[in-house]
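Please read the following note beside the sequence and the coordinates. It is arranged as numbered points, each of which can be checked on its own.

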Amino acid sequence: MICYPLTCAAFPSRGLGTLSRYSLAACQLLWYVDSLRTGKEELYILPMTSAKERYQSHTEMLQGTLDMLILQVLNWGPRHGYALSKVIRTNSGEIFKVDTGSLYPALHRLERKGWIAAEWKASEVGPRLRIYRLTKSGRRQLAAERSRWARLRGAIEGILNPAKQESES
C-alpha cells in the first residue's frame, strides 16, 4: 500500500477541504497512530481509489480470508465440501456461514493453485463425494497466511488499544 506523507497542517480545519469525511477520519486515525508510535507529526493519506478498485480489493480480502479458513480446516484432515462448510460454521460460533456459491469457487481456485488436492470417493449413504486435502505447498501457504493474519491482527489491536501497545514498549 502506498501512502503519501503530508504535514499535520493538511487537516481541513487548517486549510485543506477536499477530503471526504471518510478520508479525513482515516487520515486522522493514521496520523494519530503514527504520532503515538514514532512521535512524528506526519499525516498519511491513502490515494483515492475507484469504486471498482475498492470492490476488487474487498473481494480479494474476503477471498483471502476464506482461503485461509479452508486451508486451516483441511490442515486438520481431509473433508468434503459440505463438511468444510459445517466445520467453519460450527467453529466460528455460527458467525461464518459459507454458502456453496462461495465455497466451491474457492475450492476450485485453491485446487488450481496447487494448495489443495481433490479426489472422488464412494459414499456409504449416497452419491460419490469429492474429498479435499491440503498439499505441501498448501501448508506453506497456510503458514504465510497465518503470519499475515497475525500482523494484521496486531495492527488492528494497536489501533483499537493504543495504550496497551505503549505499555508493552
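The points below go from the overall fold to the core, a helix, a loop and a pocket.

1. Basis of the note. This is a predicted model, in which local features need pLDDT of at least 70 and side-chain atom pairs count only at pLDDT 80 or more, while totals for chains, interfaces and linings use all residues. Residues are numbered from 1 along each chain as its sequence is written, and side-chain values use heavy atoms, with hydrogens and water left out.

2. Overall arrangement. The protein has six helices and five strands, and from the N terminus on these elements run β-α-β-α-β-α-α-β-β-α-α; helices (H or I, at least four residues) and strands (E, at least two) are DSSP runs, numbered from the N terminus. Of its 169 residues, 28% count as buried, where buried means under 20% relative accessible area, exposed over 50%, and partly exposed in between, with a 1.4 Å probe and protein chains only. Among the contacts with a separation of 6 or more, 51% are made by residues 24 or more positions apart, a contact being heavy atoms within 4.5 Å.

3. The largest nonpolar core. A nonpolar core is here a set of buried Ala, Val, Leu, Ile, Met, Phe, Trp, Tyr and Cys residues joined through side-chain atoms within 4.5 Å. The largest one holds 19 residues, of which Ile70, Leu71, Leu74, Leu84, Leu107 and Ile116 touch the most other members. The elements giving it two or more residues are helix H2 (51-75), H3, helix H4 (100-113) and strand E5 (129-134), and H2 provides the largest share, six residues.

4. Leucine 107, in helix H4, is buried, with a relative accessible area of 0%. Not counting residues up to four places away in sequence, leucine 107 touches Ile70, Gly81, Leu84, Ile116 and Tyr132. The C-alpha atoms of leucine 107 and alanine 118 are separated by 9.2 Å, the two residues being 11 apart along the chain. Isoleucine 116, once its neighbours within four places in sequence are left aside, is in contact with Leu71, Leu74, Leu107, Leu110, Glu111, Tyr132, Arg133, Leu134 and Thr135.

5. Helix H3 and serine 85. In helix H3 (residues 81-91), the buried residues are Gly81, Ala83, Leu84, Ser85, Val87 and Ile88. As background for reading such a pattern, an α-helix has 3.6 residues a turn, so residues three or four places apart point the same way. Beyond four places in sequence, serine 85 is in contact with Val98 and Leu103.

6. The segment after H3. H3 is followed by glycine 93, whose phi is positive, near 65°. Glutamate 94, in the loop between H3 and H4, has a phi near 70°, a positive value in a residue other than glycine. At 42% relative accessibility, glutamate 94 counts as partly exposed.

7. The second largest pocket. A pocket is defined on a 1 Å grid over the protein atoms alone, as an open set of points where a 1.4 Å probe fits, with protein on both sides within 12 Å along at least five of seven lines; lining residues have an atom within 4 Å of a point. The second largest pocket has about 310 Å³ of space, a volume being the space filled by probe spheres set on the points, which are joined across faces, edges and corners. Its lining comprises 15 residues, of which Met68, Leu69, Gln72, Arg146 and Trp149 lie nearest the centre. H2, H3 and helix H5 (136-160) each give two or more residues to this lining, and H2 gives the most, with five. By class, the lining has nine nonpolar, four polar and two charged residues, where Ala, Val, Leu, Ile, Met, Phe, Trp, Tyr, Cys and Pro count as nonpolar, Asp, Glu, Lys and Arg as charged, and the others, Gly among them, as polar.

8. Helix H5. Arginine 146 is found in helix H5 and, at 48% relative accessibility, counts as partly exposed. Not counting residues up to four places away in sequence, arginine 146 touches Met68 and Gln72. Glutamine 141 also has its place in H5, and, with neighbours within four places left aside, glutamine 141 is in contact with Leu71 and Trp115.
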